[in-house]
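User: Please take me through this model by question and answer. Keep it plain.

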Amino acid sequence: MDLKSSHLSSVPAEPVIPNKSRLGTQSSLLTYSQQDLPLSPGKYSRTGSRKSAASLDDVRSNGWLDAMMASSPPKKKPLKGSNAQFSSIDFTVEDYTSSMVDHPSALDYFDKIIDGAKNKKVAVFLDYDGTLSPIVDNPDCAFMSEDMRATVRSVASYFPTAIISGRSRDKVFDLVKLTDLYYAGSHGMDIICPFSQTLSNNHPSCVKSTDHQGKEITLFQPATEFLPMIDEVFKTLVDITRDIEGVKVENHKFCVSVHYRNVNENNWTTIGQIVHDVVKKYPRLRSTHGRKVLDIRPVIDWNKGKAVEFLHESLGLNDRDDVFSIYIGDDKTDEDAFKVLRESNRGYGILVSSVKKESNAFFSLEDPTEVMKFLQLLVKWKRQGERNTSEL
Ligand SMILES: [Mg+2]
């Protein structure tokens with residue numbers, strides 16, 4: 001595989017922090033003190049009755065609870081007066097407001113999409129949860145169907161294909177179980193791609209390694225120094241939330257997820273407050289919302305959009321003018337990737353959603369079933385093109 005390299009283009013950065021270190025984090029905040037944690041598990045009761053009224057007001061006045069409720073269907077409009085910023089929470093959650101715009105169906109507009117891809121090098125990027133698999137109550141049971149697996153295998157046989165997930169890379173590989181793909185876990189903070197000496201020379205976070213089959217690959221992990229911190233936060237959150245029924249805390253290696261899908265709504269404020277209090281102790285971490293999940297991530301200038309750019313580079317696509325990439329995803333974190341494709345005019349983002357949302361994607365698909373249909377059309381189009389070429 002062609003492995004040319006060039007510098008990554010830049011996309012709008014995450015929150016700007018002065019005094020940046022190599023990781024884009026505040027050098028004066030590099031020291032983490034043990035005295036900051038752990039928080040006492042007893043501080044939080046299941047109903048939140050032991051919290052101070054002031055801290056509950058803090059959560060409510062900042063609209064955090066509204067965000068947690070709005071972060072997945074059923075959709076509710078944010079309550080009035082919930083416009084303040086919560087200090088450690090990235091509050092740009094899915095926003096079901098009247099400003100939502102419609103995104104045409106990628107199935108209905110398949111011919112138009114393919115018009116843009118003709119005679120170009122097509123690459124496919126896929127989110128996992130809610131895109132290849134249905135959203136389920138237990139994230140450990142978010143399995144993709146065998147039909148979907150066969151479809152993704154076909155896609156990967158014709159196009160460079162990568163899975164970009166918030167899960168750890170190992171977990172998403174265990175779920176997808178396909179070897180001919182590239183994987184980016186932890187929201188793009190853990191990538192394996194074809195081995196490239198040039199990449200290793202350009203990026204200090206790249207190392208040469210081997211994959212599951214013993215093949216040489218490049219491993220890119222820009223947040224390695226956060227591993228002990230993430231592990232500590234994971235253990236702390238497991239400990240503090242152990243008495244809250246239905247909560248699930250996952251360690252995704254470079255980020256931690258706190259799922260509240262199965263938690264009684266009366267306890268959502270408590271969970272929000274717990275995450276806020278823990279993250280507040282770690283200035284180099286931040287929280288973001290997903291679909292009924294709070295993610296705790298390093299504050300580094302890296303996201304799924306950057307991961308797409310990095311994978312373009314590793315696949316030798318950065319220097320080409322004839323690249324057409326398709327990125328399919330359902331989550332807020334996929335917006336960074338949609339934006340990269342939109343601004344670079346190098347393909348289309350496709351949002352998986354059954355409701356209207358604000359998005360940088362061009363098109364939409366309702367659910368994983370429609371994603372599979374779209375991918376099958378893509379394979380059929382490619383096969384037909386090859387057949388036509390061989391008949392000439
Ligand atoms: Mg997803």
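This is a predicted model: local features need pLDDT of at least 70, side-chain atom pairs count only at pLDDT 80 or more; totals for chains, interfaces and linings use all residues.

User: What percentage of the residues of the protein chain count as buried?

Analyst: Buried means under 20% relative accessible area, exposed over 50%, and partly exposed in between (1.4 Å probe, protein chains only). The protein chain has 392 residues, and the buried part comes to 55%.

User: How many helices and strands does the protein chain have?

Analyst: Helices (H or I, at least four residues) and strands (E, at least two) are taken as DSSP runs and numbered from the N terminus. On that basis the secondary structure comes to 11 helices and 14 strands.

User: Among contacts between residues at least 6 apart in sequence, what percentage join residues at least 24 apart?

Analyst: A contact means heavy atoms within 4.5 Å. Among the contacts in the protein chain at that separation of at least 6, the part joining residues at least 24 apart is 66%.

User: Which residues coordinate the magnesium ion?

Analyst: Donors are N, O and S atoms within 2.8 Å of the metal (3.2 Å for Na, K and Ca); water is not among the atoms, so sites may look incomplete. In sequence the donor residues are spaced D-x1-D-x200-D. The distances are 2.1 to 2.2 Å, and the donors are D127 (OD), D129 (O) and D330 (OD).

User: Is D127 buried or exposed?

Analyst: D127 is one of the residues that coordinate the magnesium ion. Its relative accessibility is 3%, so D127 counts as buried.

User: Which residues is S165 in contact with, leaving aside its neighbours within four places in sequence?

Analyst: S165 has its place in the loop between strand 3 and helix 5. Its relative accessible area is 1%, so S165 is buried. With those neighbours left aside, the contacts of S165 are D127, Y128, D129, V172, A184, G185, S186, H187, G188 and K304.

User: Why are the buried residues of helix 5 on the same side?

Analyst: In helix 5 (residues 169-176) the buried residues are R169, V172, F173, L175 and V176.

User: What covers the buried residues of helix 5?

Analyst: The buried residues of helix 5 include V172 and F173. Their cover includes helix 4 (146-158), strand 3 (161-164), strand 4 (182-185), strand 5 (190-194) and strand 7 (216-220).

User: How many aromatic pairs does a search of the whole structure find?

Analyst: Rings of Phe, Tyr and Trp (its six-membered ring) pair if their centres lie within 6.5 Å; planes under 30 degrees apart count as stacked, over 60 as edge-to-face and the rest as tilted. Across the whole structure the search finds 12.

User: How many residues apart in sequence are the parts that the pair of F110 and F374 ties together?

Analyst: F110 and F374 form an edge-to-face pair, 5.6 Å centre to centre with 75° between the planes. F110 lies in helix 3 (residues 110-117) and F374 in helix 11 (residues 368-391), so the separation of the parts tied together is 264 residues.

User: Are F110 and F374 buried or exposed?

Analyst: The two rings are 5.6 Å apart, centre to centre. F110 and F374 are both buried.

User: What is the phi of H187, which is not a glycine?

Analyst: H187 is in the loop between strand 4 and strand 5. With a relative accessible area of 4%, H187 is buried. Its phi is positive, about 55°.

User: What is the separation of the C-alpha atoms of V258 and D295?

Analyst: V258 is in strand 9 (residues 256-259), and at 1% relative accessibility V258 counts as buried. V258 and D295 are 37 residues apart along the chain, and their C-alpha atoms are separated by 6.3 Å.

Note on methods. Residues are numbered from 1 along each chain as its sequence is written. Side-chain values use heavy atoms; hydrogens and water are left out.
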